[in-house]
Amino acid sequence: MNLIPWRKPPAELERSDPVLSFNDWAEFVTSFSFQGINYTLPGAKQEDLDGRFPLMARSAYKSNGVVFACVLSRVQLFSEARFMFRRLRGGRPGDLFSLPSLDVLRDPWTGGTSGDLLARLMIYADIAGNAYVARRAGKLALLRPDWVTIVGGVRGDADATVWHPDADVLGYAYQEGGPALGKDPIMFLPENVAHFAPNPDPEARFRGMSWLTPVIREIMADKAATEHKLNFFENGATPNLAVKLDVQDLEVFKKWIEEFRAAHEGRGNEYKTMFLGAGADVTVVGADMKQLDFKVTQGAGETRIAAAAGVPPVVVGLSEGLQAATYSNYAQARRRFADNTIRPLWRNVCGSLARIIDVPSDAELWYDDRDISALQEDQKDAAEIMQLASTAVKTFVDAGYTPESARDAVSANDMTLLVHSGLISVQLQPPGSAAANGNGNGAVPALSETN
């Protein structure tokens, strides 16, 4: 099948793949539109978000306070880190240093900072499960995740899908405005795109999954509880009522209902005394908020949402977390949040962004968290660990082990790396030597007596 007529000439596409032709790119895209007709090619060679991103953004992030607070807590700490290179010595991490190649991460676009880059990556990854950054001429460009299609397969095998054992990402197709707009996709090579997907989707080969997906029902329940609370107050902060009337005329009954609602329902009618005509019987139907244990009911859902986000409730400020909060366990919760949630995300994003910048062969792209005020307690702990390690190294050296082996043994926590120098005592002199005995003649000096 020749698909050239339904796309612009290859020269107008922003791609530079020396292996795949434009027809090859088109064959890896399973669906396309030509002259108003939609065509679908056989095989699963692409992965996209099928329109879930706008739904998640509007129905969860923008309209649910718990979700917004969880995402905001993640973004605020995640965006505080700075990019650095970390030296590798024998596969072990070393010191941090900087090079001009990091400038594109610190100034990714006009007016942008590394904090802006990290914040948007986190928001896209939280809502869509995927975030894409394309390397352009001297700058970076964030790609809206639901307009990106991951094109996968095996080079030279037109029938291979993304689930082929040898399948790999062949490129990223970015369709500005989404498929509905019908614009020609812009093709990016894998080495020009950083794909940040911290939570893999088990039903996809390369695509990530939002942490919001497993708690969609919890979010819906939380929104329903909030609406219930709002309706409760809008209807006078009173429980539902059932009124029984002995009225045979339907029109009279309807008119009575209209007058009753106008006089007793809605805001402005709270706590008014209710007067009913003869024969009317009022019965409370349902339960009020106390009977429903509303705070516990809604708080349990909030905690499950926070758990999916990896944010302790006390850090977000949720009611269940604050009930048991003290200064001590708040610090522990913040430590847990940083160590178990944010640090893995930092490592992941550094590995993703390393694809689109020049990283020295003896180093890796890393993050610098030393100036983050929320983690200063971690720096104190690191200093105490360093002090203990230094004491251990000194003890080994004083015992006669070589300084190099003492350093390596403490660093690797492996006593088998210790190498003895053959010297003993603090002086580290050979046994029986003059220096070891305290004088130049090799004899131990006698103690003098004074009166």
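Biologist: Is Arg86 buried or exposed?

Modeller: The general idea is a cut-off: buried means under 20% relative accessible area, exposed over 50%, and partly exposed in between (1.4 Å probe, protein chains only). Arg86 has a relative accessible area of 16%, so Arg86 is buried. Please note that this is a predicted model, in which local features need pLDDT of at least 70 and side-chain atom pairs count only at pLDDT 80 or more, while totals for chains, interfaces and linings use all residues. Residues are numbered from 1 along each chain as its sequence is written, and side-chain values use heavy atoms, with hydrogens and water left out.

Biologist: Which residue forms a salt bridge with Arg86?

Modeller: Side chains of opposite charge can pair when their charged atoms come close. A salt bridge is a side-chain nitrogen of Lys or Arg within 4 Å of a carboxyl oxygen of Asp or Glu. Here the partner of Arg86 is Glu364, with the closest N and O atoms 2.7 Å apart. This pair links distant parts of the chain, since Glu364 belongs to strand S14 and Arg86 to strand S4, 278 residues apart. Glu364 is partly exposed, at 23% relative accessibility. A salt bridge also joins Asp362 and Arg87 (3.3 Å, N to O). Asp362 lies in the loop between H12 and S14 and Arg87 in strand S4, so this pair ties together parts 275 residues apart in sequence.

Biologist: In what order do the strands of the open sheet stand?

Modeller: Strands of a sheet pair through backbone hydrogen bonds, either parallel or antiparallel. Helices (H or I, at least four residues) and strands (E, at least two) are DSSP runs, numbered from the N terminus; two strands pair if DSSP finds at least two bridges between them. In this model three strands form an open sheet in the order S5-S4-S14, with antiparallel pairing. Strands S5 (92-97) and S14 (363-368) stand at the edges, each with a single partner strand, so one side of each is left without a neighbour in the sheet. Strand S4 (residues 82-89) is joined to S14 by six bridges, and Phe83 has Tyr367 in S14 as its bridge partner.

Biologist: How many residues of helix H3 are buried?

Modeller: Ten of the 14 residues of H3 are buried, and the helix is mostly covered. Among them are Val66, Cys70 and Phe78. The expected span of a helix is 1.5 Å times one less than its number of residues. For H3 (residues 65-78) that gives 20 Å, and the end C-alpha atoms are 20 Å apart, which agrees.
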